[in-house]
Amino acid sequence: MKINKLRYLSAAAGIATVVAGGVAIAPLASADTSTSISAHVVDQRAKTFELVGKQTSLEDLDLGRAGISPGDQRVIHEDLYRDGEKVGDHSVVCTYTHVDPAVLQCLGTFSLPEGQFAAQALLHLPAPSYVDVGITGGSGDYRNARGFVRTVPAGDTERHFTVHLKR
């Protein structure tokens, strides 16, 4: 059972870091691709950010029965980088809600100089090649944040994030 738990938790690590995805302190490109004037006005508030998350800590908590069981958690912290420079960090907690097949409820918070924002997702394992995670709100410049984060694993401890932010 220990090997199965490690396998599931390793897969969850990749997905867990997906959850809040990561957001940059400045947009790399605007999501504005509209052709009509009315659509242009709406899209001016949409921004797309690119980030790299590098894991700095990970802890698996076996809180119930021995082995994976509902309520067990994976806690992850990552530093966020843009163009090789650290721009912020985020933490995420995933809780097993179902074991066979594995399902996790993940909640994450990103802290940046402009404020914080939160994201969450219900993740089914095995994970697909990317996961879209919903942005649920924030503070500071992100107080009206909505949108999603697309996360793509890039190894065991690194993730590539594209944040689609509507403010």
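**Cysteines, strands and charged pairs**

Me: Is Cys-94 buried or exposed?
Reply: The relative accessible area of Cys-94 is 1%. Buried means under 20% relative accessible area, exposed means over 50%, and partly exposed lies in between (1.4 Å probe, protein chains only). Cys-94 is therefore buried.

Me: What kind of model is this?
Reply: Residues are numbered from 1 along each chain as its sequence is written, and side-chain values use heavy atoms, with hydrogens and water left out. Local features need pLDDT of at least 70, side-chain atom pairs count only at pLDDT 80 or more, and totals for chains, interfaces and linings use all residues; the model is predicted.

Me: Which residue forms a disulfide with Cys-94?
Reply: A disulfide is counted for a pair of cysteine sulfur atoms within 2.5 Å. The count comes to one. The sulfur atoms of the pair are 1.9 Å apart, and the partner of Cys-94 is Cys-106.

Me: Which strands hold Cys-94 and Cys-106?
Reply: Strands are DSSP runs of E with at least two residues, numbered from the N terminus. The pair links distant parts of the chain, 12 residues apart. Cys-94 lies in strand S4 (residues 85-98), and Cys-106 in strand S5.

Me: What is the handedness of the disulfide?
Reply: The torsion about the S-S bond of Cys-94 and Cys-106 is about 115°. The disulfide is therefore right-handed.

Me: Which residue of S6 is the bridge partner of Cys-106?
Reply: Cys-106 is buried, at 0% relative accessible area. Two strands pair if DSSP finds at least two bridges between them. S5 (residues 103-112) runs antiparallel to S6, with 10 bridges joining them, and a hairpin with two residues between the strands. In S6, Cys-106 is bridged to Ala-121.

Me: Which residues of S6 point to the buried face?
Reply: Side chains alternate along S6 (residues 115-124).

Me: Which residue in S7 is the bridge partner of Gln-120?
Reply: S6 pairs with S7 (residues 131-138) in the antiparallel sense, over four bridges. A hairpin of six residues joins the two strands. In S7, Gln-120 is bridged to Gly-134.

Me: Which residue forms a salt bridge with Arg-150?
Reply: A salt bridge is a side-chain nitrogen of Lys or Arg within 4 Å of a carboxyl oxygen of Asp or Glu. The closest N and O atoms here are 2.7 Å apart, between Arg-150 and Asp-132. The pair links distant parts of the chain, with Arg-150 in strand S8 (residues 146-153) and its partner in S7, 18 residues away. That partner, partly exposed at 36%, is Asp-132.

Me: How many salt bridges are there?
Reply: Among them is Lys-86 with Asp-79, closest N and O atoms 3.8 Å apart. Lys-86 is partly exposed at 43%, whereas Asp-79 is buried at 15%. Arg-82 also pairs with Asp-83, at 3.6 Å. The count of salt bridges is four.

Me: How far apart in space are Val-52 and Pro-153, C-alpha to C-alpha?
Reply: Val-52 is in strand S2 (residues 46-61) and is partly exposed at 22%. Beyond four places in sequence, its contacts (heavy atoms within 4.5 Å) include Asp-79 and Phe-161. In sequence, Val-52 and Pro-153 are 101 residues apart. In space, C-alpha to C-alpha, the distance is 9.9 Å.
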